[in-house]
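Please look through the sequence and the model below before reading on. The report then takes up a few residues, a helix, some aromatic rings and some charged pairs in turn.

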Amino acid sequence: MKTYLEIKVPISFDDYWFRELRDLLRGVDIRWQRNYYHITMAFLDFAPDGVNMVPGLNNLLDDAVAPAITFDTLDAFASGPHRQVIHLTTTDAPQDFLALVEDIRRFFKAKGCVLQSDFKLHVTLGRVQDPRMNVHKLKDIISLVDLPDITLDLTEVDYRVFKDYGKPLAHWSLSL
């Protein structure tokens, strides 16, 4: 079973900078993420049967402090032929948050899990599926958006089954 650990990012589809981004890309084939934004801390392609991850995650997350992250960059990366991801990110990730992510990823690996990829701090906003678009064109357009610095306290963490948007396997509220 594929699972992942996410930390929720409280932004809105209706934020003015997000509307500006969508307006600039009107006519481009994009699947926009709608009001469900998060940073994937770890994506598990495989977890051994019968291993309960929740107690170990409790040990890592019960005393964790909510990171305050300043999102200041809109960017894009290629995710396949004629496919790109538009995302929100930061130029100055808090070191304590990055250390927590690494601790979590080490924990999963020690339990025999296979992680999908390296950690990349980003919040997916949309998935471009337009053969007329490439990552360079996309970045040029995105650079026109007037993105303010957005500092957010990220307090909500969920452990979820991939593509199951019902109740998470576990939930934590980090202290401020």
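**A threonine in a strand**

T124 lies in strand 8, where strands (E, at least two residues) and helices (H or I, at least four residues) are DSSP runs numbered from the N terminus. T124 counts as buried because its relative accessibility is 14%; buried means under 20% relative accessible area, exposed means over 50%, and partly exposed lies in between, with a 1.4 Å probe and protein chains only. When neighbours within four places in sequence are left aside, T124 is in contact (heavy atoms within 4.5 Å) with Q33, Y37, H38, V85, I86 and H87.

The model is predicted, so residues are numbered from 1 along each chain as its sequence is written, local features need pLDDT of at least 70, side-chain atom pairs count only at pLDDT 80 or more, and totals for chains, interfaces and linings use all residues. Side-chain values use heavy atoms, with hydrogens and water left out.

**A leucine in helix 4**

L138 has its place in helix 4, which covers residues 135-142, and L138 counts as buried because its relative accessibility is 0%. Not counting residues up to four places away in sequence, L138 touches L25, A76, Q84, I86, V128 and M133. One of these, V128, is 10 residues from L138 along the chain, and the C-alpha atoms of the two are separated by 9.1 Å.

**The faces of helix 3**

The 16 residues of helix 3 should span 22 Å at 1.5 Å a residue, and its end C-alpha atoms are 22 Å apart, which agrees; the expected span is 1.5 Å times one less than the number of residues. Which residues of helix 3 are buried? They are F97, L100, V101, I104, R105, F107 and F108. Seen down the axis of helix 3, these buried residues fall within an arc of 155°, so they line one face of the helix, the arc being that of the directions from the helix axis to the C-beta atoms. An α-helix has 3.6 residues a turn, so residues three or four places apart point the same way.

What covers the buried residues of helix 3 includes strand 1 (3-8), helix 2 (54-61) and strand 10 (156-161). On the other side of helix 3, Q95, D96, K109 and A110 are exposed.

**Aromatic rings**

A search of the whole structure finds 9 aromatic pairs, in which rings of Phe, Tyr and Trp (its six-membered ring) have centres within 6.5 Å, and planes under 30 degrees apart count as stacked, over 60 as edge-to-face and the rest as tilted. The rings of F97 and F119 have centres 6.3 Å apart and planes at 70°, so this pair is edge-to-face. The pair links distant parts of the chain, since F97 is in helix 3 and F119 is in the loop between strand 7 and strand 8, 22 residues apart.

**Charged pairs**

The search also finds 8 salt bridges, each a side-chain nitrogen of Lys or Arg within 4 Å of a carboxyl oxygen of Asp or Glu. One of them joins the side chains of D75 and K139 (3.2 Å, N to O), and this pair links D75 in strand 5 with K139 in helix 4, 64 residues apart. D75 counts as partly exposed at 23% relative accessibility, and K139 counts as partly exposed at 35%.

D158 forms a salt bridge with R160, the closest N and O atoms being 3.5 Å apart, and both D158 and R160 are buried. Salt bridges that share partners join E6, K8, D158 and R160 into one network.
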